[in-house]
Protein chains: 2
Amino acid sequence: EERKKSVKEIMIIEMLRWLVMFFVGLLTGLVASLIDFCVIQSTDLKFSIIKKYVDKCVDNKCMEVPLLVWVGINGGLVIVASILTACFEPVAAGSGIPQIKCYLNGVKVPHVVRLKTIVVKVIGVIFSVAGGLIIGKEGPMIHSGAVIAAGISQGRSDTFRKFDLRIFEFFRSDTEKRDFVAGGAAAGVSAAFGAPVGGVLFSLEEGASFWNQALAWRIFFASMVSTFTLNVIQSYIKGIPWDLSYPGLFNFGSFDTTSYSAFEIPIFILMGVLGGLFGALFNQLNYILTKFRRRYINKSRDRVLEAMIVAIITATVGYISLYFNNSCSPMVQDTKDNTVQVYCNDGQYSSTATILFQSPEDSVKSLFHESKGMYSPSTLVVYCLCVFILACWTYGLYVPSGLFIPGLLVGAAWGRFVGLCLNYIFPDVGWVDFGKYSLIGAAAQLGGIVRMTISLTVIIMEATGNITFGLPIMIVLIVAKWVGDIFNEGIYDMHIHIQGVPILGWEPSSVLTNLSAKEVMSHPVSVFNMRESVGRVMEVLKTETHNGFPVVEDYIPNPLDSSINEEMSFGTYRGLILRSQLIVLLKQRVFGDNGDQFYNLSTKDFRDAYPKFTPIRQIHVSQYERDNCEINLEPYMNPAAYCVTDNALFPRIFKLFRALGLRHLVVVDKHHQVVGMVTRKDLARYKVTRKFWKARIDELLMSTR
Amino acid sequence: EERKKSVKEIMIIEMLRWLVMFFVGLLTGLVASLIDFCVIQSTDLKFSIIKKYVDKCVDNKCMEVPLLVWVGINGGLVIVASILTACFEPVAAGSGIPQIKCYLNGVKVPHVVRLKTIVVKVIGVIFSVAGGLIIGKEGPMIHSGAVIAAGISQGRSDTFRKFDLRIFEFFRSDTEKRDFVAGGAAAGVSAAFGAPVGGVLFSLEEGASFWNQALAWRIFFASMVSTFTLNVIQSYIKGIPWDLSYPGLFNFGSFDTTSYSAFEIPIFILMGVLGGLFGALFNQLNYILTKFRRRYINKSRDRVLEAMIVAIITATVGYISLYFNNSCSPMVQDTKDNTVQVYCNDGQYSSTATILFQSPEDSVKSLFHESKGMYSPSTLVVYCLCVFILACWTYGLYVPSGLFIPGLLVGAAWGRFVGLCLNYIFPDVGWVDFGKYSLIGAAAQLGGIVRMTISLTVIIMEATGNITFGLPIMIVLIVAKWVGDIFNEGIYDMHIHIQGVPILGWEPSSVLTNLSAKEVMSHPVSVFNMRESVGRVMEVLKTETHNGFPVVEDYIPNPLDSSINEEMSFGTYRGLILRSQLIVLLKQRVFGDNGDQFYNLSTKDFRDAYPKFTPIRQIHVSQYERDNCEINLEPYMNPAAYCVTDNALFPRIFKLFRALGLRHLVVVDKHHQVVGMVTRKDLARYKVTRKFWKARIDELLMSTR
């Protein structure tokens, strides 16, 4: 497929890549700002209404009224998000990070980068966050960035078939599109957390296989533009136009005054262990729930209903905890204006109400930064428990929902509780700072759930705007990952595996070292001759699910033998042809009566068909053509496609797939005869379950879609 | 070569990898602390002596005495460093970053990770920095980290042949060692700048090909341990034991109070352009100088002499500029205690003297942070010019010398000058902050010289301990790289290319897209039969410089034909055998009279020989053995070594080499017959010179060592 290009053309493409990345960053920044603005406005409006009712009803003993109003508003908002997601675009549910991860890994997930998806995602996340669910908007922002990147780089939309810019035609291939999607995801992280470096690392850690400096640099550029756009808009919203020090949408606030000592490191390590344990518990509960959901909650109606129920329960739980756990704190000078009095005496305010009457992000910030007396231990414990259970229940609902903020919330709550305990044990020392322990707890909990390491460290560092806590955060994240990995895998990987997607990890599991290509490969395979009859092509395409086929010489199809004889070969290997190419060839009727071509197809014809190829069943070829016509595959096949010999070992094959982003690898014997094929699914089939140093190999059944 | 290993063994190896990384981080931190401590002590001692003489002589009109003392001390210190380097280990000269870059790229540079090298490097850098040369100690610290990593991972030393721990035997292979060296380099960066994330990115940007998460994470661990060790030691030296907020050896100080606005971005871009121009000029001058040095300054004596001359001139220039450009500033409250009065009136001090009478690092810091009146424009211009010329002259001398600090110094000086100019144009605005412009200038200048992007951004961000300036620094570095790349390449790549090392870039140049394997490969190649006579093996090893040979079937050597017929093939491809393996086989006399083996070698035998294989000329085989004995290569060859067909295109081959770290790739035709071999040198031979959109392909002559 690598056609010869002139030097000038290559340079223009190079320039266009930068241009595309610029627009990716710009649009991602704009979309992130839009989401943020809408969420803040609607949340503010909602809380001002409810607060009014609460203030009025505390005296009049009509506390059920604000509950009903609250439940009503939340339920109404969430039902919009849920109907949009469940009925129009189910792939927009959740954070989108597992899908992006699959996409970057080289697995095609249907609909994941469509225009419809982003529309549903953006509107849905605004409604579901405003609807009081315990979710964040960061994951959906990352997904949005990825969709924007895919959309811009293709210059046309599948939803509006007419719209086709026709300028970015070069980018209509899987690898190019994937590179841009990596840039879009990074721009999303960059906008969400004000973490451009973290964004680049996120894309690399989650997706990219081959660290390509030019690509990493373009990704960096997109992240930079995205942060810049967002900062400019934010500076306008905040009323200090063009003052650009405001970093990102969700910054953790400043930790300048605090420091740490070496003797605190064991405490941090213990907190990392806690984070790992809680994270593993979270994932395990969510795993059970997801399994349950897949089995029993299949219809759109049920999905919307479940989202509704969770929304109502979230609102009610918050309200009840407010009612029963009404810890009052005296009003001090630096208390913010979002305090609520409720049942407290004059001059006091309810800390429980305060933590509930704000968006989850503001709650994280107040857990980090509020002064000592703000939250009582009981408030923290109750809050932490409620949020943990609700967040676990919420993730997986059919609404767009991010997982970062819930994780941080839970962790910040128990982290602050640890700080309180330490303060109780050592009442007179200066180093017990609640904000510090809150931050470490948040990092530990989030790390225990998502099991990211380097990129998460950098994201948190950039979000705190401070590198003093870099080292403790690293330690905590590493410990949390180690502890969590004993029990189960990260929540994103878990969701990917539940869906049976053939994703490849970073390294082949060490216990699989001794498998050879012969044991891993699919055998028998369907192969084509250099000139193949239309009838056989049609037949194979209809019966086989593979997406690539070896093209060989000297092969006489003999279906009786091939399935029996393991040693049998399929002719001498010449090249590889893709299903998509065959379909285009059939559709354009590039076959001749006695082997002569009518005309030749150019790369452009294949590009125009990308990425939606007609299913084979919709292509009609007459019986005469089937029997008498032949396709000459030689000009279209990839003669230089990689192949390995059948004695190649598993790690070597794995490395080829991972480093080069392969989808198919032909296996040949020592006479260059095709003997089998290795696909992604063959590699991902072996799942190693490791529990306390014992390893078990399972062969998984992969979904065949 | 991939022998079967048990699961348990693999786990132990995995644990050992972490252990090695821990010690790499620990030792790197210790060595960095040692260098820092010695440099600070000796510099303080030196300046206190000179200051005493100056203070005495200002009144007594004997200003030639302190000059002589200064020149004497500096010359004496530098001569030690220079003799050590030039006579004992020339590879310890310079920053070591080009060598590490080559090493990580997969090219073996002799002596670069030896124990002797680190001893010379550490002692040398202490003496040369103390000797007043305009150099930094950061590059040598990075090199030291790499050597430590190589040493520990091998568990033995080549210099002391007796010493062999025998525990890390698994790591005696090129790839394993390379991974550890990447960790060591990262630990070095981490210690030098307090930038653990920057260190990881440095290793990835400069070296690693395949972003392997497990490896990246181990590298991160080493960086973390290194920063931690250093911080603990530093906290003791500073007298506040175990208070760990002190970040790294060279931190830029705090920029907390300053901020920037969007309208300053065009100014930053202009400064980036300036940085690119000055950087390109620096590199061009250094290129000419290096060419000159390679031709005329070859002997150790001349090299020591040159270093001496530079040391004397550096001291003299400093002294003269002090004499003529004696700008006096009034003593204010917050002036530090390192001020020197010289010719100024009482109550005033000389800013020129102050900038000269401290280590380069302190100069950078005072350029960043001193108050407004500290440096006059003329001081800055003169200082900037002197440092630029001297730094350019110094880099390439036979002393260990880093380039980061000189680059930052030059940039900080002209950056502060830009700030002064802006202050002159807009005298009444609040946003002109000298420290800010100084920082931006420093980033621009350093970026223009070394052309690093992501890693340098993160290093500077971590060194400032603040992410507010992340965006401007990124912009400036990208602009500086773009502008600089128009004229020439980064200084490290330049030095690598001058030495003719076959290093591979990140991507194949776009103009080479259309070359195929056939055009790139070496042809003819020497091949071996599965059973090859000892005589022929000896002969081929003596005449060929290749390090890998294809093993084939059905090949009758026919030297007359092979050189003529381009189409000729060399038998059916079976596997690849390395020169080092053949040498071990010959040395251990694994050959038999009529083809029977006497005994078999295990992997351990090959490992023990690593990395010093006896040269072929030192292996003696009798004439009888040559004629009558055969080696059976089949058990030792790598049967699954990658091969490509002869129509594979250049980018595909390049990607294989780069992503998988290959050294040899056998080219076969469509009948699986060997037709040629591609080596690193074949790929690196094509150098594309690009000047203003015109591309020219040069075939380079690579050194054959």
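The points below go from conventions and chain totals to the cores, the helices, the strands and a few single residues.

1. Conventions. This is a predicted model, in which local features need pLDDT of at least 70 and side-chain atom pairs count only at pLDDT 80 or more, while totals for chains, interfaces and linings use all residues. Residues are numbered from 1 along each chain as its sequence is written, chains are lettered from A and ligands numbered from 1 in the order in which they are written, and side-chain values use heavy atoms, with hydrogens and water left out.

2. Chain A as a whole. Chain A has 26 helices and 12 strands, taken as DSSP runs numbered from the N terminus (H or I over at least four residues for helices, E over at least two for strands). Of its 705 residues, 62% are buried, where buried means under 20% relative accessible area, exposed means over 50%, and partly exposed lies in between (1.4 Å probe, protein chains only). Its accessible surface comes to about 26,800 Å², and carbon and sulfur atoms account for 61% of that; the areas come from the Shrake-Rupley method with a 1.4 Å probe, and for residues only the protein chains shown count as cover. Among contacts in chain A between residues at least 6 apart in sequence, 75% join residues at least 24 apart, a contact being heavy atoms within 4.5 Å.

3. Nonpolar cores. A nonpolar core is here a set of buried Ala, Val, Leu, Ile, Met, Phe, Trp, Tyr and Cys residues joined through side-chain atoms within 4.5 Å. The largest holds 304 residues, and the members that touch the most others are Tyr437(A), Ile491(A), Ile491(B) and Tyr492(B). A second, separate core of 43 residues includes Leu660(A), Leu662(A), Leu683(A) and Ile653(B). Leaving aside residues up to four places away in sequence, Ile491(A) touches Phe282(A), Asn283(A), Asn286(A), Tyr395(A), Leu403(A), Ile449(A) and Val450(A).

4. Helix α8 of chain A (residues 213-237) has 25 residues and reaches 36 Å from its first C-alpha to its last, close to the 36 Å expected at 1.5 Å a residue; the expected span is 1.5 Å times one less than the number of residues. Because 20 of the 25 residues of α8(A) are buried, this helix is largely enclosed by the rest of the structure, and just after it Gly239(A) takes a positive phi of about 85 degrees. In chain B, the 20 residues of helix α6 (residues 174-193) should span 28 Å, and its end C-alpha atoms are 29 Å apart, which agrees.

5. Strands around β9(A). Strand β9 of chain A (residues 664-668) has five of its five residues buried, with His664(A), Val666(A) and Val668(A) on one side and Leu665(A) and Val667(A) on the other. Strand β8 (residues 643-645) runs parallel to β9(A) and is joined to it by three bridges, two strands being paired if DSSP finds at least two bridges between them; here Thr645(A) stands opposite Val668(A). Strand β10 (residues 674-679) runs antiparallel to β9(A) over five bridges, and Val666(A) stands opposite Met677(A). In the hairpin of β9(A) and β10(A), which has five residues between the strands, His672(A) takes a positive phi near 65 degrees.

6. Strands β5(A) and β6(A). Strand β5 (residues 548-553) of chain A pairs with β6(A) in the antiparallel sense over six bridges, and Pro550(A) stands opposite Leu576(A). Six of the seven residues of β6(A) (residues 572-578) are buried, so this strand is largely enclosed by the rest of the structure.

7. Thr117(A), in helix α4 (residues 115-130) of chain A, counts as buried because its relative accessibility is 0%. Its contacts, not counting residues up to four places away in sequence, are Glu89(A), Val91(A), Ala92(A), His111(A), Val112(A) and His143(A). Ser378(A), in helix α13 (residues 377-394) of chain A, is partly exposed, with a relative accessible area of 38%. The C-alpha atoms of Ser378(A) and Phe417(A), 39 residues apart along the chain, are separated by 9.0 Å.

8. Cysteines. Over all chains the structure holds zero disulfides, a disulfide being a pair of cysteine sulfur atoms within 2.5 Å. Cys87(A) counts as partly exposed at 45% relative accessibility, and Cys38(B) counts as partly exposed at 26%.
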